[in-house]
Amino acid sequence: MQNIININNINKTLKNASKSSIDSILSKALNFKELKPDEIAVLLNIEDKKNLKKIYATAKKIKEIIFGKRIVLFAPLYVSNECINDCLYCGFRRSNKSASRITLPLSKIVEQAKILEHTGYKRILLVASENPKKVTISYLASAVKEIYKNTSIHIVHLNSAPFNIDGFKKLHNSGLGVYQLFQETYHPETYFYMHPGETEKDYYLRITAMDRAIKGGIKDVGIGALFGLYDYKFETMALIFHSRHLEKKFGSSAHTISVPRLRPAENTPVQKTKYNLSDEEFKKVVAVLRIAVPAAGIVISTRESAKLRNTIITLGASQISAGSRTSPCGYSSETGKRWLEQFSIDDNRPLDKVIQDMIHHGVIPSLCTTCYRIGRTGKTFTLKAYEGQIKNFCLPNALLTLKEYSLDNASLQTAKICDKMINKYIKNIKKYKLPDNLNLKIEQIINGKRDIYY
Ligand code: SF4
């Protein structure tokens, strides 16, 4: 374990955080100089409102320097809830007998993907429970390929159990975008308690999965922790150390860092713990991650309320899911069965409403998928992000995809709001440093062309 993150160091660092001034740490971060662990600990230990505000303002600035004002949207697609594990906090745990279980056949996966496609999504995240007999590598690779073949979804990501290098090679060859796996908790004792029957070997196989995924050819990997299982400061620091390990070894930081918070799930023994964090603490986690790992996408799920998500999208988050369902067949209502959900969600707004609210908060909703498809991935992506170049693609691409959404999927009201935002940017093309030919490309979309990008 010690070759990925040093657990003892995290605890010591948090306890003995330096006395460096908060202002000097934040200005160092704004100059994209790597913060030392004890400087990160200073930020994590802040509790007073005045200094929290400074952290939030810095996170917002860094996010906008790297990615601009866009936030990327995606939806999860659960392919299986048949799980062999018994994790104490998860609705899919094998001892939960309260609802139906299924591993979707490929035709059903495509059906669900088509529903998402017609709603307007261009990127989806397949989510699979752990079941080596049913959720095999070839099943997942076929699911990815079938979605590309039968829908206009441009990129498919995956959140699944870890595999060996050969397995990851097969997934990479299927055209997979980001491979995502959460450690859930980096604290070994808590890990073994929450995952009955799992051993040190399982912990190790999980924490080293990203190393194998990258060796298998997958350039973009997503890490995460389930906040609320253990101390949030510890988990935040561990995520940062994990990402730095990847950056040192492979040249690119974690492509995404997800910060799900523990939510009640049906028939689970752990619904709440003494480590549940407040909204303010959660906002601090997001902001500190943004400051410490500037090039990573920080992902906020629908586990959080609409109100909190509307705030967090201006504090450093760069990707959000929307309109999510957390059970297989979740996007079709006519199945007649109640399929087991992984956890309950708090933000039930459909994509259309989320887009309206984002625009209202001055954020540009983006359905862009360009980087994955043209090789701006891995090390290349991280370097361009640090150079401040990524936002030059993100902003025009967000507007192009928003125009497609406005024409193809939006309600009348949302279409008007989208068009107003697009026109504002087009009219001020110089001020926003947008490409001169953006207007021409918007015209091409109006005339029926699709999938145009920079
Ligand atoms: S340009 Fe790249 S980083 Fe920006 S939104 Fe598109 S895919 Fe993401």
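Predicted model: local features only at pLDDT ≥ 70, side-chain atom pairs only at ≥ 80, totals over all residues.
Biologist: Which residues is His 157 in contact with, leaving aside its neighbours within four places in sequence?

Modeller: Arg 123, Leu 125, Gly 177, Val 178 and Gln 180. Contact there calls for C-beta atoms within 7 Å. Leu 367 is 210 residues away from His 157 along the chain, and their C-alpha atoms are separated by 14 Å.

Biologist: Next, Thr 377. What makes Thr 377 count as partly exposed?

Modeller: Thr 377 has 18 C-beta neighbours inside 10 Å. Exposed needs 12 or fewer and buried needs 20 or more, so Thr 377, with 18, lands in between and is partly exposed. Thr 377 is in the loop between H15 and helix H16 (378-386).

Biologist: And what does Thr 377 touch, not counting residues up to four places away in sequence?

Modeller: Lys 219, Asp 220, Cys 371 and Tyr 372. As for His 172, that residue is 205 residues from Thr 377 in sequence and 13 Å away in space, C-alpha to C-alpha.

Biologist: Over to the loop between H18 and H19, where Lys 433 is placed. How do you know that Lys 433 is exposed rather than partly exposed?

Modeller: Lys 433 has 12 other C-beta atoms within 10 Å. The exposed class takes 12 or fewer, so Lys 433 with its 12 is exposed. Lys 433 also has a positive phi of about 55°, although it is not a glycine.

Biologist: Asp 436 is in that loop between H18 and helix H19 (438-446) too. What makes Asp 436 exposed?

Modeller: Asp 436 has 8 other C-beta atoms within 10 Å, and the limit is 12 or fewer, so Asp 436 is exposed. Ile 426 is 10 residues from Asp 436 along the chain, with 9.4 Å between their C-alpha atoms.

Biologist: Glu 184 has a positive phi as well, about 70°, without being a glycine. Is Glu 184 buried or exposed, and why?

Modeller: Buried: Glu 184 has 24 other C-beta atoms within 10 Å, and 20 or more is what the word asks for. Glu 184 lies in the loop between strand E4 (179-180) and helix H8 (188-194).

Biologist: Now whole helices. Which residues of helix H3 (residues 37-45) are buried?

Modeller: Glu 39, Ile 40, Ala 41, Val 42, Leu 43 and Leu 44. Their cover includes helix H1 (7-15), helix H2 (22-30), helix H4 (49-67), helix H11 (232-250) and helix H12 (279-292).

Biologist: Why is the crossing of H14 and H18 called left-handed?

Modeller: The term asks that the near helix be turned anticlockwise from the far one by less than a right angle. Helix H14 (residues 351-360) and helix H18 (residues 412-427) pack at about 35°, with axes 10 Å apart. That angle is under a right angle, and the crossing is assigned as left-handed.

Biologist: Which residues meet there?

Modeller: From H14, Asp 352, Ile 355, Gln 356 and Ile 359; from H18, Thr 414, Ile 417, Cys 418 and Met 421. By class that contact has five nonpolar, two polar and one charged residues.

Biologist: Last stop, the ligand. Which residues surround the ligand?

Modeller: Arg 70, Val 72, Ser 366, Cys 368, Thr 369, Thr 370, Cys 371, Arg 376, Ile 390, Phe 393, Cys 394 and Asn 397. H17 gives the most to this shell, four residues.

Biologist: How do you know that the shell around the ligand has six nonpolar residues?

Modeller: Val, Cys, Ile and Phe are on the nonpolar list, so Val 72, Cys 368, Cys 371, Ile 390, Phe 393 and Cys 394 go in that class. The shell's other residues are four polar and two charged.

Biologist: What domains does the shell draw on?

Modeller: At least three residues come from each of domain 2 (70-383) and domain 3 (388-446).

Terms used
Residues numbered from 1 in each chain as written. Helix = DSSP H or I, 4+ residues; strand = E, 2+ residues; numbered from the N terminus. Contact = placed C-beta atoms within 7 Å. Near = placed C-beta within 6 Å. Domains from an automatic or database assignment. Axes fitted to C-alpha atoms, helices over the stretch in contact; angles between N-to-C directions.
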